[in-house]
Amino acid sequence: MTSFLTSRRLRGGLTGVAVAAMVLTTAACGGTTRGSDSGSAGGASASASANPSATIPAGLSVAFLPKQLNNPYFSVADGGGKQAVEQFKGKYSEVGPSEASASSQVSYINTLTQQGADVIVTSANDPNAICSALDQARSGGAKVVTFDSDTKPDCRDVFVNQATAEGIAQTQVDSMAKQIGNAGDVAILSATANATNQNTWIDLMKKYAAEKYPDMKIVTTVYGDDQDEKSFQETQGLLQSNPNLKGIISPTTVGIAAAARYLSGSAYKGKVALTGLGTPNQMREFVKDGTVKEFALWDPAKLGYLAAYTGAALKAGQITGKEGEKFTAGDLGEYTIGKDGVVVLGDPQVFDAANIDQFNF
Ligand code: RAM
């Protein structure tokens, strides 16, 4: 099977050597927790593996439970998980709600517990709302990995973070500052009001902007609930009620795509800056038509892939979730558990007109 490391990112007529070199480069940039580069995942250096030689048993059932189905970001992320589960010969499934509301995931967790799932990989819509359901799943023997958006740390075994929260926040604020000359009113268009990841990034963006760019003011935050139409309307509302707005930061793939669509068909196109977190495939047309200069993300498929391998390593007894433990995540190589049971995938990637066509997700 062709690895997504080569099939998704590295296209065109590259030689085997070039591909190998680029994969190594990608790995070096992407794995802040790999090998001797303990990076920002907590800086653990001691090897404390539970039983690193334990093998992943065939037939592990691994269920992905995203914030919501019908979000292209999670389709790609869960697809990466599926690829990993097929590699280690497990049984993959994906279940989830159609809306990303706080308690919408509870009934799915309860069903997975009844079915005896070995591993549950979930992006939490709320830090607390699914905790008692996850406790029951874990009492029944399931290992719980959060990815993308965490619960409270004691509700899961490991959180697979896409990048450090600080890195994600700073990338977006720096991008906006650069585009508006470090000054002016900026609004945030978020996803749901309870989402752990969104709220962590928003807090850090506000702090970082206040310290680094005192003339740039984050004046308001609105919520599109990761629904396309609501996000579109919230963008329209922001522009109407904030006539001096210089820019919008949308740290959600659904929000930024809807905001870009609104801006591109309005008089604000090219006048109000938009940045945040988006998928290249959803944002390509808006970069090409000049609505958006740059935005960021990580490879969601790699995030899902790493999360699946993390769950398998937990269930196999290779790791327990303690800082310093190491495990191998298939084609992505070795990772180390950092502080508070967090594994970090890598650095965010910035996309612009010069590089966007190199990415297909
Ligand atoms: C949306 C979701 C997800 C977030 C991405 C960037 O798809 O809110 O949780 O990580 O955007």
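The model is predicted. The ligand is surrounded by 13 residues, and its shell takes at least three residues from each of domain 1 (30-163 + 299-345) and domain 2 (165-297). Helix α3 (residues 72-87) packs with helix α11 (residues 300-316). Helices α8 and α9 cross at roughly 55 degrees, and α6 and α7 also cross at roughly 55 degrees.

**Ligand shell**
- The closest of the 13 surrounding residues are Y73, A191, T252, T253 and L277.
- Six residues of the shell are polar, four are nonpolar and three are charged.
- Both domain 1 (30-163 + 299-345) and domain 2 (165-297) supply at least three residues to the shell.

**Helices α3 and α11**
- The axes of α3 (residues 72-87) and α11 (residues 300-316) lie 6 Å apart, at an angle of about 45 degrees.
- Because of that angle, α3 is oblique to α11.
- The crossing of α3 past α11 is right-handed.
- From α3, the contact uses Y73, V76, A77, D78, G79, G80, G81, Q83, A84 and V85.
- From α11, the contact uses P300, A301, K302, L303, G304, Y305, A307, A308 and Y309.
- This contact of α3 with α11 has 12 nonpolar, five polar and two charged residues.

**Helices α6 and α7**
- Helix α6 (residues 165-179) and helix α7 (residues 196-212) have axes that come within 8 Å and cross at roughly 55 degrees.
- The two helices α6 and α7 are therefore oblique to each other.
- Their crossing, α6 with α7, is right-handed.
- On the α6 side, the contact is made by A165, E166, I168, A169, Q170, Q172 and V173.
- On the α7 side, T200, W201, L204, M205, Y208 and A209 take part.
- By class, the contact of α6 with α7 counts nine nonpolar, three polar and one charged residues.

**Helices α8 and α9**
- Helix α8 (residues 228-241) and helix α9 (residues 253-264) have axes that come within 8 Å, with a crossing of roughly 55 degrees.
- That angle is why α8 counts as oblique to α9.
- The crossing of α8 past α9 is right-handed.
- In α8, the contacting residues are D228, S231, F232, T235 and Q236.
- They meet V254, G255, A258, A259, R261 and Y262 in α9.
- The contact of α8 with α9 has five nonpolar, four polar and two charged residues.

How values were computed
Residues numbered from 1 in each chain as written. Predicted model: local features only at pLDDT ≥ 70, side-chain atom pairs only at ≥ 80, totals over all residues. Near = placed C-beta within 6 Å. Nonpolar A, V, L, I, M, F, W, Y, C, P; charged D, E, K, R; others polar. Domains from an automatic or database assignment. Axes fitted to C-alpha atoms, helices over the stretch in contact; angles between N-to-C directions. Helix = DSSP H or I, 4+ residues; strand = E, 2+ residues; numbered from the N terminus. Parallel < 35°, antiparallel > 145°, perpendicular 65-115°, else oblique. Left-handed = near helix turned anticlockwise from the far one by under 90°. Contact = placed C-beta atoms within 7 Å.
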